[in-house]
Structure formats: structure tokens, C-alpha cells
Amino acid sequence: MNAMTHTHSVHARDEVVVRVTGGRPLTGRVMVQGSKNIALHLYAAALVADEPVTLQGVPAILDTDVCAQILIHTGAHATVAGDQFTVHPAEHVTPEVHPDLGRRVRTTCVLAAAVLARHGRVWFPRPGGDAFCARLFDRHLAAMEAAGAVVTSDEHGFTARCGAPGVRPFTVDAGTPYGPSLGATVTALLLAARAPGTSLITNPSIEPEVTEAARFLNERGVGIRFDRDGLHVTGSEHIAGGRFRVAGDRIEAATMIMAAAATGGSVTLGGITTHHMPTGLTAALADAGILLADQPGGMCMALTGPLHAVETATGPHPGLPTDTAPQLAAMLTQAHGTSIVAERIYPRRDTHIGGLTAFGAAVSSKGAEIYVRGVTPLRAADVAAEDIRAVTALLLAALAADGTSTIRGMYHLRRGYGRLLTNLATLGADITTLPEAHPCP
Ligand SMILES: CC(=O)N[C@H]1[C@@H](OP(=O)(O)OP(=O)(O)OC[C@H]2O[C@@H](n3ccc(=O)[nH]c3=O)[C@H](O)[C@@H]2O)O[C@H](CO)[C@@H](O)[C@@H]1O
Ligand SMILES: C=C(OP(=O)(O)O)C(=O)O
């Protein structure tokens with residue numbers, strides 16, 4: 001019998017609204033959670049192991065709960081103890097990614113690749129996650145086909161099936177018109193990890209999600225070498241288990257730094273160092289007037305003076321992460337001058353603009369570019385967020401605004417942040433959560 005202690009119900013979208021009274025500088029020290037996106041890719045990587053794997057420092061968020069249930073649905077035994085997630089390989093496998101839960105998270109294809117790598121066949125639905133624009137997954141299917149699977153689609157999803165003896169060594173390109181695909185690189189890594197021979201992934205992503213998944217596999221017997229041709233992966237017949245720690249969440253860290261900067265405060269963060277922060281992010285922050293420095297057990301930030309406008313663009317690691325651009329736009333409402341934040345990973349990612357405008361921000365978009373004019377005094381607003389980073393951009397605006405704001409769409413926050421609201425309150429934010437009032441029938 002599989003056992004799991006849930007921190008969330010994975011089925012109910014039981015909502016709360018958040019009330020924020022802005023205008024208080026955020027100051028103090030808090031811990032960042034383990035990285036959402038690294039953890040989610042490691043949940044998939046844990047499925048290719050032949051022995052129990054314990055992931056330490058797992059964030060208590062909806063997406064990790066959903067992924068845990070997906071692993072259990074495949075037949076794996078999973079337990080949670082505090083921030084540790086342990087998965088034991090399945091004795092009796094159900095080679096499918098749960099049809100409903102698989103539509104809730106983005107890593108569906110990566111999870112499917114792990115099942116295919118171990119068991120030679122899998123069914124999976126179309127991936128979920130945020131829907132701010134079309135998010136393609138053709139390179140994931142290409143990797144499965146290159147590894148010898150025949151991939152067919154039905155009304156609800158896809159079947160990938162290899163002949164005996166399962167996945168074979170392959171070459172696949174992880175490049176897309178928007179740069180290397182993070183997810184497809186991990187999909188290819190997991191397939192190659194169990195293929196008998198050496199595979200080559202050309203144009204691989206080098207996001208921390210990839211390098212941590214590669215380190216996880218390498219420590220467990222998979223040969224991994226990176227050179228100018230790409231990632232060379234030599235599969236292993238036996239992939240060991242054991243413990244692996246999830247790195248700190250650089251996106252949550254960036255969010256708290258920007259919230260502190262927008263409110264004229266200063267924070268120290270435990271569980272993360274400047275080494276975890278991509279240089280594209282630290283450069284944009286430095287241009288805005290925010291400096292980061294390591295401290296024992298963490299990192300601190302300081303403002304060099306009033307915030308300045310910046311011109312920056314998201315990009316592949318170590319560029320400015322796309323997952324920080326909405327929060328950056330919110331912070332830049334409090335910077336002097338006109339900023340431009342261009343989105344280069346997605347054709348469009350601007351669901352935060354409407355909400356920021358409701359706070360009185362002078363924000364607009366033209367194609368993939370977002371323009372922010374500051375300094376604009378923000379006023380309280382009643383807004384709803386549509387996705388995970390838009391919700392934190394709106395929270396950040398509320399923290400900098402005059403008066404009490406209401407933010408809806410907390411389902412998106414719960415997907416990726418386990419204790420952001422608690423952390424912000426510890427730093428001095430005036431935040432309360434209330435059950436959402438439902439209209440009378
Ligand atoms: C490189 C990068 O910054 N990746 C981001 C991407 O990861 P995620 O893994 O979700 O997305 P990918 O890195 O695969 O996608 C990057 C781009 O490539 C395109 N694409 C992707 C796969 C594919 O098969 N074909 C294709 O064309 C996507 O539509 C997108 O425009 O979104 C996550 C959530 O916001 C972020 O945490 C990641 O940092
Ligand atoms: C968009 C994000 O998540 P997902 O890929 O899970 O939708 C994100 O982490 O910013």
C-alpha cells in the first residue's frame with residue numbers, strides 16, 4: 001500500500017484571497033524553500049532509479065504533491081517526512097502518467113520519459129502548467145522517437161512504445177527557435193540514462209534543473225560528459241538510489257529581493273548563495289541598484305540608492321530567468337526612468353500587465369517587450385492572477401502600494417510557493433489570508 005502525507009489536497013481548488021496593506025519596508029532574515037522546478041525534474045529522475053531515492057529540501061507546494069501522486073499512480077511507493085520525499089521503485093508498474101494529474105503539471109513529458117526509459121512503454125496526457133502562451137513539446141516526442149519509441153496520439157494524449165529490449169542509444173537536438181529546451185533536455189537525459197550505450201544531446205539546456213538532474217544521475221552511475229558537441233550520456237544497467245538535496249529556489253529568492261527593494265527594505269536569505277543566482281539576474285539587479293553578497297549560510301541584499309530603470313531581456317541560463325520577469329516589471333514601477341524587459345524564452349508572457357495597471361502602474365507591452373515607467377505611486381487594487389509568477393508580481397505591487405489590496409488566484413501561488421506569504425509576513429509585510437467569498441447561488 002502506498003503511503004503519502006499530503007500538505008495539500010491535490011484535487012480541490014479550495015481558494016483563499018490575500019489582503020495586503022502596502023507601504024511597509026520588508027526587512028529581516030528568512031529561509032528560501034527548495035527550488036520548485038529543480039524538485040519537479042528530480043521527481044521524474046527518481047523514477048529511473050532501481051533503488052529508493054530520498055530527495056531532501058523538497059518544497060511543500062501543490063506541484064510536488066501532484067507529482068508525488070503521479071509517481072504513486074505508476075506503482076511507486078512514496079512517503080513524505082518533513083521536507084524529505086522518498087520514492088521506492090514500483091513492483092507492479094502502471095505505465096501511464098495519470099490522465100488528470102498529468103494535465104496539471106508541466107513535467108508530464110519528463111515523467112513519461114522516465115517511465116518509458118524503465119519500462120519500455122508509457123501513456124501520457126498533454127502537459128499542463130501555466131498557459132500564458134503556447135508551450136511546445138515536440139522535442140520531448142522527438143527524444144522518445146530517437147530512443148526507439150513509436151509515438152502515437154489519441155484524443156486524450158500519447159502512447160510511446162519501444163520494442164524489446166527497450167530504449168536504445170540515440171542522438172537528439174534539444175534546440176528550439178527560443179533556445180535550448182530545459183524540459184526536453186531532461187527528457188532526453190532520462191531516456192539516455194537507461195539506454196545501453198552512449199547518447200548525444202545536441203544544443204542542450206544548461207539550466208540548473210538540467211545540471212542538477214545530470215549530477216543526480218552521474219552520482220548514481222550514469223556517465224555524463226559535456227563538450228562543444230553537447231551532452232554525452234552513457235546509460236547504466238543499474239541506477240543506484242540514496243539521498244540528494246534540492247538546491248534553494250532562486251526564483252523565490254529573487255522575488256523576495258525585489259519585494260524588499262520595491263518597499264525600500266533589505267533582506268537576508270538563508271538556504272541560497274549568490275552562486276545560485278544567474279548572472280543575467282544579478283546584472284539586472286545591479287543595474288537597478290541592488291547588490292547581493294554572500295553571508296554565512298545565505299546571502300544578503302542592499303540598495304545602493306534609489307532604484308534605476310533597466311533595459312534587460314530574459315534568456316537561457318545564465319541569462320535573466322523568464323520566471324523572474326513579471327516580478328522585475330512590478331519592482332521597476334518603483335525605479336526612476338523607463339525600463340524595458342524583453343521576453344526571449346516565450347513569444348509572450350505578459351498576464352501580469354493588466355493587474356499591474358490596476359495598481360496605477362504605467363506598464364505596457366509591445367510584442368515580447370514590456371515597458372515600465374517609474375517612479376509611479378501605486379494605489380491599492382482588487383486583482384486576480386492567472387499564473388504562478390504573475391501572482392507574485394501582483395503581490396509585490398500590493399506590498400509597494402498605498403492602502404489595502406485584495407489578490408485572488410492563490411491556486412497559482414500554491415502551485416509553486418510553500419511559505420512565501422509566511423516569509424513576507426516575517427519580513428514585516430501586513431498580509432492576511434481569507435476564505436474566498438463565493439457568490440450566492
Ligand atoms: C530555457 C528556459 O528558460 N526554460 C524555462 C521553461 O522551461 P520548460 O521546460 O517549461 O520549457 P522549455 O525550456 O522546454 O521551453 C523553452 C522554449 O522552447 C519552446 N519549446 C520547448 C520544447 C519543445 O519541445 N519545443 C519548443 O519549441 C517552448 O515553447 C519555449 O518557447 O519554462 C519554465 C517555466 O516558466 C522555466 O522555469 C524555464 O526556465
Ligand atoms: C511557469 C512556471 O511553471 P510551470 O512550468 O510549472 O507552468 C514557472 O515555474 O514559472
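**A walk through the model**

Guide: Happy to, and let's begin with a loop: P318 sits in the one between β19 and α9 (325–332). Bear in mind that this is a predicted model.

Visitor: What kind of peptide bond joins H317 and P318?

Guide: A cis one, with omega at about 10 degrees.

Visitor: And what about the bond between G374 and V375?

Guide: That peptide bond is cis as well, with omega at about 0 degrees. V375 is in the loop between β22 and β23 (382–384).

Visitor: What's up with phi of N203?

Guide: Phi there is near 50 degrees, a positive value in a residue other than glycine. You'll find N203 in the loop between β12 (198–202) and α6 (208–219).

Visitor: OK, zooming out. Which domains does the assignment give for the protein chain?

Guide: There's domain 1 (16–32 + 249–435) and domain 2 (36–245). Their C-alpha centres lie 30 Å apart.

Visitor: How many residues are in contact between domain 1 and domain 2?

Guide: On the domain 1 side 17 residues, and on the domain 2 side 16. Helix α12 (residues 410–416) gives the largest share of domain 1's touching side, three residues. By class, that side of domain 1 has six nonpolar, four polar and seven charged residues.

Visitor: Now the ligands. Where does ligand 1 lie relative to domain 1 and domain 2?

Guide: Between them, because both domains give residues to the shell around ligand 1.

Visitor: Which residues come nearest to ligand 1?

Guide: R139, T176, S181, L182 and G183, out of 23 residues around ligand 1. The elements giving two or more residues to that shell are α4 (138–146) and α5 (182–193). Sorted by class, the shell around ligand 1 has nine nonpolar, eight polar and six charged residues.

Visitor: And ligand 2, which residues are around that?

Guide: K36, N37, R106, G129, D130, D323, I388, R389 and G416. In class terms the shell around ligand 2 holds one nonpolar, three polar and five charged residues.

Visitor: Which helices supply at least two residues of the shell around ligand 2?

Guide: α1 (36–46) and α11 (388–400) each do that. As for domains, the shell around ligand 2 draws at least three residues from each of domain 1 and domain 2.

Visitor: Let's switch to sheets. What's the strand order in the open sheet of three strands?

Guide: β6-β8-β7, with antiparallel pairing. β6 (121–125) and β7 (149–153) are the edge strands, each pairing on one side only. Neighbouring strands in this sheet are turned by 15 degrees against each other on average, ignoring direction.

Visitor: How many bridges join β6 to β8?

Guide: Five, with β6 and β8 (residues 157–162) running antiparallel. If you want a pair to look for, P125 stands opposite G157 in β8.

Visitor: What does helix α3 lie across?

Guide: Helix α3 (residues 108–119) lies across β6, β7 and β8, and runs at about 165 degrees to β6. α4 lies across β7 and β8, at about 140 degrees to β7.

Visitor: How do the axes of α3 and α4 cross?

Guide: At roughly 10 degrees, and the axes come within 10 Å. So α3 is roughly parallel to α4.

Visitor: Which residues in α3 and α4 meet?

Guide: C109, A113 and L116 from α3 meet H140, A143 and M144 from α4. The residues of that contact divide into five nonpolar, one polar and no charged.

Visitor: And what's the order of the open sheet of four strands?

Guide: β19-β20-β22-β21, with mixed pairing. At the edges are β19 (311–313) and β21 (362–366), each pairing on one side only. The twist from one strand to the next averages 15 degrees.

Visitor: In which sense do β21 and β22 pair?

Guide: Antiparallel, over five bridges, with β22 covering residues 369–374. For a landmark, A362 has R373 in β22 as its bridge partner.

Notes:
Residues are numbered from 1 along each chain as its sequence is written. Chains are lettered from A and ligands numbered from 1 in the order in which they are written. This is a predicted model: local features need pLDDT of at least 70, side-chain atom pairs count only at pLDDT 80 or more; totals for chains, interfaces and linings use all residues. A residue is near a molecule or strand if its C-beta atom, placed from the backbone, lies within 6 Å of it. Ala, Val, Leu, Ile, Met, Phe, Trp, Tyr, Cys and Pro count as nonpolar, Asp, Glu, Lys and Arg as charged, and the others, Gly among them, as polar. Domain bounds come from an automatic or database domain assignment. Two strands pair if DSSP finds at least two bridges between them. Axes are lines fitted to C-alpha atoms, for helices over the stretch in contact, and angles run from 0 to 180 degrees between N-to-C directions. Two residues are in contact if their C-beta atoms, placed from the backbone, lie within 7 Å. Angles under 35 degrees count as roughly parallel, over 145 as roughly antiparallel, 65 to 115 as roughly perpendicular and the rest as oblique.
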